[in-house]
Amino acid sequence: MKIQDEINEFRKNFNISLKDYIDKNIGNDQLDKAIKYSLTIGGKRIRPFIVKKISDLLKLSSKECIALSLSVELIHTYTLIHDDLPAMDNDDLRRGKPSTHIKFTEANAILAGNSIFSLAISILIKEISPKKNHLLIKIINLLCDISGINGLAKGQSLDIEMQNKKITLNKLLKINELKTSKLFEFCVLSPFILKNSSTTLINEAKLFATNLGLVFQITDDFLDIKNNQGAPYLYKLNNKSPKSICSQLIDECTTNSKFFGKNNSFFNEFLYYILDRKT
């Protein structure tokens with residue numbers, strides 16, 4: 001099965017799980033409607049797909065996999081709601097539809113984002129067995145770490161700070177690592193943590209997640225340039241093309257990796273799928 005077909009099939013099943021969660025846990029007040037809207041207006045579901053692939057290889061239970069997958073997508077949705085706000089990227093559209101703050105007011109968008117972040121933690125606490133509480137603590141600590149001053153929030157702050165300024169390639173990659181790679185880090189590392197994997201595997205997973213995030217964001221920005229939508233930066237830096245930079249990143253995290261290398265060639269193929277995509 002082609003990777004795109006795999007993702008399409010996964011997305012159908014994931015959306016069923018997401019709807020089931022929403023129906024059981026979210027009401028119908030204005031804030032609830034903002035949350036439901038934000039979670040269901042589309043999305044490729046790439047991040048929970050990664051969780052699923054790794055969880056299956058590690059033989060985690062279906063319940064654990066769904067909990068991690070839902071949590072990841074909720075965190076992703078929270079970041080999108082806040083990124084679209086007037087004080088941030090000021091985007092009126094998200095996936096071709098009105099952004100949450102346009103449809104439900106800025107105040108409700110802020111509250112929806114905050115609530116979704118809390119729900120992501122709640123899912124983990126409720127669905128992961130108490131027998132694994134020592135591992136759950138590590139996962140929640142990781143989630144908090146990648147979301148705040150060591151991750152998503154810092155990346156967004158640096159991105160705003162560097163707008164309309166000259167930037168080096170290293171600075172650009174650092175912003176992308178914080179804004180994009182850190183959430184992929186949670187996608188990739190959380191199944192390994194729940195499996196109580198070795199330090200060696202955790203380190204491999206961290207490198208893969210970092211480089212996956214960089215490849216994903218570089219490709220996104222390059223597509224924006226090609227489509228004349230205006231990306232924040234140009235990648236013709238240090239005489240390296242975006243494809244060249246990404247190919248190096250892919251080789252770095254797969255060539256000598258026991259888990260993400262030849263033993264599971266899917267991951268190399270997946271990175272090139274990300275690099276070669278058109279949308």
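How many positive and negative side chains does the chain have, and how far apart do the centres of the two sets lie?

Figure 1. The chain has 39 positive side chains (Lys and Arg) and 30 negative ones (Asp and Glu), with His and the chain ends not counted. The centres of the two sets lie 3 Å apart, each charge being placed at NZ of Lys, CZ of Arg, CG of Asp or CD of Glu. This is a predicted model, in which local features need pLDDT of at least 70 and side-chain atom pairs count only at pLDDT 80 or more, while totals for chains, interfaces and linings use all residues. Residues are numbered from 1 along each chain as its sequence is written, and side-chain values use heavy atoms, leaving out hydrogens and water.

**Figure 2. The aromatic cluster.** One cluster is formed by Phe 10, Phe 14, Phe 49, Phe 192, Phe 208, Phe 259, Phe 260, Phe 266, Phe 267, Phe 270 and Tyr 273. The whole structure holds 17 aromatic pairs (rings of Phe, Tyr and Trp, the last by its six-membered ring, with centres within 6.5 Å; planes under 30 degrees apart count as stacked, over 60 as edge-to-face and the rest as tilted).

**Figure 3. The pair Phe 270 and Tyr 273.** These two rings are stacked, at 6.1 Å centre to centre and 25 degrees between the planes. Phe 270 and Tyr 273 are three residues apart in helix H12 (residues 266-276), so about one helical turn separates them. Helices are DSSP runs of H or I, at least four residues long, numbered from the N terminus. Phe 270 counts as buried because its relative accessibility is 2% (buried means under 20% relative accessible area, with a 1.4 Å probe and protein chains only).

Note on methods: Helices (H or I, at least four residues) and strands (E, at least two) are DSSP runs, numbered from the N terminus. Buried means under 20% relative accessible area, exposed over 50%, partly exposed in between (1.4 Å probe, protein chains only).
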